[in-house]
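Welcome, and please open your viewer so that we can walk through this model together. At each stop you will find something to select and a short note on what is there.

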Amino acid sequence: MIKVSVVGAKGRMGGNVVNAVTDADDTELALALDAGDDLTRITPDNTDVVVEFTVPSVSLDNVLTLIGQGVDVVVGTTGWTDEKLDQVRAALAAAPRKDQAVFIAPNFAISAVLTDYFAGIAAKYFESAEVVEMHHPNKVDAPSGTAIHTAHTIAEARKAAGLAPVPDATETDGGSRGQVVDGIHVHAVRLRGLNAHEEVLLGNPGEQLVIRSDCFDRGSFMPGVLLAVRNVGSHPGLTIGLDNFLSL
Ligand SMILES: NC(=O)C1=CN([C@@H]2O[C@H](COP(=O)(O)OP(=O)(O)OC[C@H]3O[C@@H](n4cnc5c(N)ncnc54)[C@H](O)[C@@H]3O)[C@@H](O)[C@H]2O)C=CC1
Ligand SMILES: O=C(O)C1=N[C@H](C(=O)O)C[C@H](O)C1
C-alpha cells in the first residue's frame, strides 16, 4: 500500500483526493492536513507520497518543507514560475534522500492533458492561435495554470516551426484582448455553473480548428492524481506534466 498524506485536505480538490486515496485498492490515507496544521508531522515513517492542493501563495513553502521532511510530493496547485521551480530543484539537490521526487501537474484530467498535447501538434499549421479558459467563479488565479502551460506549448511549437508572431491589428485595448503569455493571447472567463474548461482556437484563412476540454466534475482529476501517486517515486528530481506518465 502507498501511504498518502493530503495537504489542503479541506479544499475542493483536497477533499476529492482524500476520498480517492481512501477508495483506491493500492493507496491508504495517512494524514489529512490543511491551513494551520504543522507539516513536519509528515515523515517517511507515516507517508510515502504527499498530495498538495492548496493556493498559489503558499504552495512553494509547503513543497520546500515537505522536501525537507524526506517525502515525495505530487503537486496540483497552480502559480509556478521558473524562479519557483528553480527553488524546488535546489531543495531536491539538498534533500534528505538522494532519489527524492516532486511531480507538478498543471492539470490531472486526461482531456486537458490531451488538449495541450494536440495543441502542440496543431500549432505549427495555423497562422493564429488563442486560448480561452473558463472556470468556476471561486477560482483565485487567472489565467489558469493550464492555460498558461498551453500558451507556452503553442509558442514553443510556433517558434520551432519558425512562424511569425500571431497577426493582430488591435490599436485600442482596454484589456479585452486578454493576457499575452509567450506571444499567445489567453482569455479567462469566470462563470457560476462552470467547473474547468479550456478551448484552443487555431485559425487560417477560411478555416478554424477548435480543441476543447470540459471537466464537468472534480472526479475527472482523480485518475491522474492516482497515476502520479503511483509513478512519482520512480521519477527522482522534478517532473512537470502528466504527459510524462502517459505513452503519448
Ligand atoms: N492540477 C490540477 O489538475 C488542478 C489544479 N487545481 C488547483 O489546485 C489548487 C486548489 O484548488 P481548490 O481545491 O479548488 O482550492 P480550495 O480553495 O478549495 O482549497 C485550497 C485549500 O488549501 C488550504 N490551505 C490554504 N493555505 C494552506 C496552507 N498554508 N497549508 C495547507 N493548506 C492550506 C485551504 O484552507 C483550502 O482548504 C488551485 O491552485 C487550483 O488552481 C484545481 C483543480 C485541478
Ligand atoms: O482552480 C481550478 O478549478 C483548476 N485549476 C487548474 C488550473 O488553474 O489550470 C486546473 C483546472 O483548470 C482546474
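Predicted model: local features only at pLDDT ≥ 70, side-chain atom pairs only at ≥ 80, totals over all residues.

Residues are numbered from 1 along each chain as its sequence is written, while chains are lettered from A and ligands numbered from 1 in the order in which they are written.

**The two ligands**

Now show the residues around ligand 1, where a residue is near if its C-beta atom, placed from the backbone, lies within 6 Å. There are 24 of them, and Gly8, Gly11, Arg12, Met13 and Gly76 come nearest. By class, this shell has eleven nonpolar, ten polar and three charged residues. Ala, Val, Leu, Ile, Met, Phe, Trp, Tyr, Cys and Pro count as nonpolar, Asp, Glu, Lys and Arg as charged, and the others, Gly among them, as polar.

Move to ligand 2 and select Thr78, Pro106, Asn107, His135, Lys139, Ser144, Gly145, Thr146 and Ala196, which surround it. This shell has two nonpolar, six polar and one charged residues.

Next, color the open sheet with the strand order 2-1-3-4-5-11, whose pairing is parallel. Strands pair if DSSP finds at least two bridges between them. Strand 2 (27-33) and strand 11 (237-240) are at the edges with a single partner strand each, so one side of each has no neighbour in the sheet. From one strand to the next, the twist averages 20°. Zoom in on strand 1 (residues 2-7) and strand 3 (residues 49-52), joined by four bridges; Val6 has Val51 in strand 3 as its bridge partner.

Helix 2 lies across strand 1, strand 3, strand 4 (72-75) and strand 5 (101-104), at about 160° to strand 4. Angles run from 0 to 180 degrees between N-to-C directions, and axes are lines fitted to C-alpha atoms, for helices over the stretch in contact. Contact between two residues calls for C-beta atoms, placed from the backbone, within 7 Å.

**The five-stranded sheet**

Where to next? Select the open sheet ordered 7-8-6-9-10, which has mixed pairing. Its strand 9 (residues 196-204) and strand 10 (residues 207-215) run antiparallel, with nine bridges between them. Leu202 stands opposite Leu209 in strand 10. In the hairpin of these strands, with two residues between them, find Gly206 and its positive phi near 80°.

Strand 6 (residues 128-135) also runs antiparallel to strand 9, through eight bridges, and Met134 has His197 in strand 9 as its bridge partner. Finish with helix 4, which packs on the sheet and touches strand 9 and strand 10.
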